[in-house]
Amino acid sequence: MKKKWWHDKVAYQIYPKSFLDTNGDGIGDLKGIISKLDYLKNLGIDIIWLSPIYQSPFVDQGYDISDYYKIAEEFGTMEEFDELLAETKKRGMYVLMDLVVNHCSDKHEWFQKALEDPYGKYAGYFHFVKGKDGKEPSNYRSYFGGSAWEPVPGTDLYYLHMFAKEQPDLNWENPELRKEIYKMINWWMDKGLAGFRIDAIINIKKDLSFPSFEPDGPDGLASCVKMVEEVQGVGEYLEDIKKNTFAKYDAFTVAEVFNMKDDELAEFIGDDGHFSTMFDFSAHVLAQGENGWYNSRKLSFIEWRDTVFASQKRMQSIGFPANIIENHDEPRGASRFLPEHAQNEEGKKMLATTSVLLYGIPFIYQGQEIGMTNCRRNDISEYDDISTKDQYQEALAAGCSREQALECCYENSRDNARTPMQWSRGKGAGFSDGTPWIALNPNYEQINVEEQESRPDSVLSYYKKLLALKKSPAYKEIFTYGKFVPAYEDQDGIFAFYRISEDEKEKILVTANYGKEACTLRLESRTGKILLSNTGAEDARDNEIRREGTITLESCETAVILLG
C-alpha cells in the first residue's frame, strides 16, 4: 500500500446547523466552529468534515445547493470561512467540505434557465425526458418517496430527481456540465481545502433509456436504486473527476457509496482508486427494512460483529476504509449498536474502542465523543427531516399505528443525529441563546461537554485517551498499518481483534465484552500489558495476566492489551 498523508489521522464530522450558534438565531454558524477548534484539537482531531454550508433553500438541509460558490448566510460569510481555513492551518488541522454533484437545487441558476428554455443549453444540464403515454417516462420511486419524475411546466417533458423534487439530477453525460463542476471543485481546492466528502456519487451514472422495473411496492413504483445497480460505466466519470481535480492537489476524498458492485472495491479505493477511501456502511445496512423503516430490525450482536469483521478482512487486502458508527444520515450509534444493558457510559467507551482501533481512518460525529443518543419525539410534527416524514407516512400506510410509526422514527430518523450539540446543562444546552432550529434532546442536562470535561472517568475523557493511544509515537504505526485479525469469535458477547505490526514483531489485542455476564479469555502469554481500560482496572487486569495468563472482562468492559 502506498502510504498517504491522511492514513494516521482522525476525522470529525461537523453538522454546522447544529454545532454552535453565536448570533442567537438558533442556527449554528462558522464563528461557532472557529471558537471550538481548540476543543477539537485537544480531543485529538486532525481533519474536520463540514456538512454543506453552501447557499441553499434547505429543503434537504443544504444538500440542495443553489450556488456552489457562496456560503449560506445562515452560516456566515466567505471571509469567515477563510478565517476557519487559516485557524485550522495554524493548528495543523485540515478541512473537508461536502461535494454534492449528483443534483443541485431547483433554485440554482442552471435549473431556472432550463425551465425558461426546456429545449435549450441548460436543459441539457439535467435529464429532461419526454413522458410516455401522457405519464412519467418510467416508474422510478425517489429515495424520499413518490415518483422520481416531475413535470416540466408547459411541456410534455419530465425532469428526473432521485431525491426531493426540489433536487433535480445533473446530467453527467454533458461535457459542458462536467467542465463547470470541475472548475468549481478546483476553485475550492485552490482556497486551501484538504479535500471532500463526496455525496451520493454512484448515482451520477444513468441509463438514458430509463427502463421501468417490476414494481416493488403497492404504489406501483420501483426504487430508483434498481437503475443505479444495473447501469454500467460510473467508473469512467469517477476517473475523469479525479484526473481533472483531486489528483492535482493530493486531495483526501471520502466517498459515500452504496450499491457498489462486488468486484469494484479496488477500483474505488485501491492504491490508484477513484477515491482515497469510502465509508464502511456494511453494519448500517443490516438494520434497513426491505420496504422501509416500519420493517427495519434490531441487530443481533453476532450478526453485527461478524459483518464488521468480514468487511475489515475484505477492505485491508484492497484499500483503507473510513470507519463510522454514526453520521448526519444515521441514528446515534450508542442507541443502535449497543444492547440495552450496555447503553451506559462504560458501553459507550467500549463501542468507541472497538470502532476507533479498527483498520482504517476513524470518523467521529459531533456529540459521539460525549455519548449523545437518539431523541424521542411525541408527534411527527416535531421532526424536520424530509425522509422521516415520508417514512412515517409509509409506516401508517403499511398498517402501523401512530405509536408504532413514531417508534420507527425514534429508532431510525436522521434527526436523531441533528439535534443540537450538547455543550452544557445551561440555557439552550450551550448551543444557542435563541430558540434552536430543532428541539434539543432533553437529556442534555445529564449528557454534555461541560460536565464531562470536569470528570476524568467520563466518555469524553476516555475518547481523549483512546485517540491519544491511537496516535502515540509508540503505537501509531501498528494502529495505522497493522494487520486486522479477528479473535475469540467463539466466545458469546466478545468483540475482539488483533492488530499485528507489518513485521509481525508486535501484537495488540483489543477486547470488549458486549455480553451481560463476565467472561474470562485465555491469552497467548503471561507477559501482556494493559494499554487502556474503560474501567480503570488496569492494575488488577495486569496482575491477572501475569498470574493466570487470562483476562476477565466484566459486562461492558474493554481492554487494549500489548502482548509480550
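## Helices 12 and 13

In this predicted model, T388, Y392, A395 and L396 of helix 12 are in contact with R402, A405, L406 and C409 of helix 13, where contact means heavy atoms within 4.5 Å and helices are DSSP runs (H or I, at least four residues) numbered from the N terminus. By class, this contact comprises six nonpolar, one polar and one charged residues; Ala, Val, Leu, Ile, Met, Phe, Trp, Tyr, Cys and Pro count as nonpolar, Asp, Glu, Lys and Arg as charged, and the others, Gly among them, as polar.

Within helix 13, the residues A405, L406, C408, C409, Y410 and N412 are buried, that is, under 20% relative accessible area with a 1.4 Å probe and protein chains only. These buried residues of helix 13 pack against helix 10 (333-336) and helix 12.

## The second largest pocket

Helix 13 also supplies six residues, the largest share, to the lining of the second largest pocket, which holds about 530 Å³ of space. A pocket is an open set of points on a 1 Å grid over the protein atoms alone, with protein on both sides within 12 Å along at least five of seven lines, and lining residues have an atom within 4 Å of a point; a volume is the space filled by probe spheres set on the points.

By class, the lining of this pocket has twelve nonpolar, seven polar and seven charged residues. Helix 9 (301-316), helix 10 and helix 13 each contribute at least two of the lining residues.

T353 lies in helix 11 (residues 345-356) and is buried, with a relative accessible area of 0%. Not counting residues up to four places away in sequence, T353 touches Y462, L466, V510, T558 and V560.

Helix 11 gives three residues, the largest share, to the lining of the largest cavity, whose volume is about 160 Å³; a cavity is a set of points where a 1.4 Å probe fits but cannot get out. Helix 11 likewise gives the most, three residues, to the lining of the second largest cavity, which has a volume of about 70 Å³.

## Basis of the values

Residues are numbered from 1 along each chain as its sequence is written, and side-chain values use heavy atoms, with hydrogens and water left out. Because the model is predicted, local features need pLDDT of at least 70 and side-chain atom pairs count only at pLDDT 80 or more, whereas totals for chains, interfaces and linings use all residues.

Technical notes
Buried means under 20% relative accessible area, exposed over 50%, partly exposed in between (1.4 Å probe, protein chains only).
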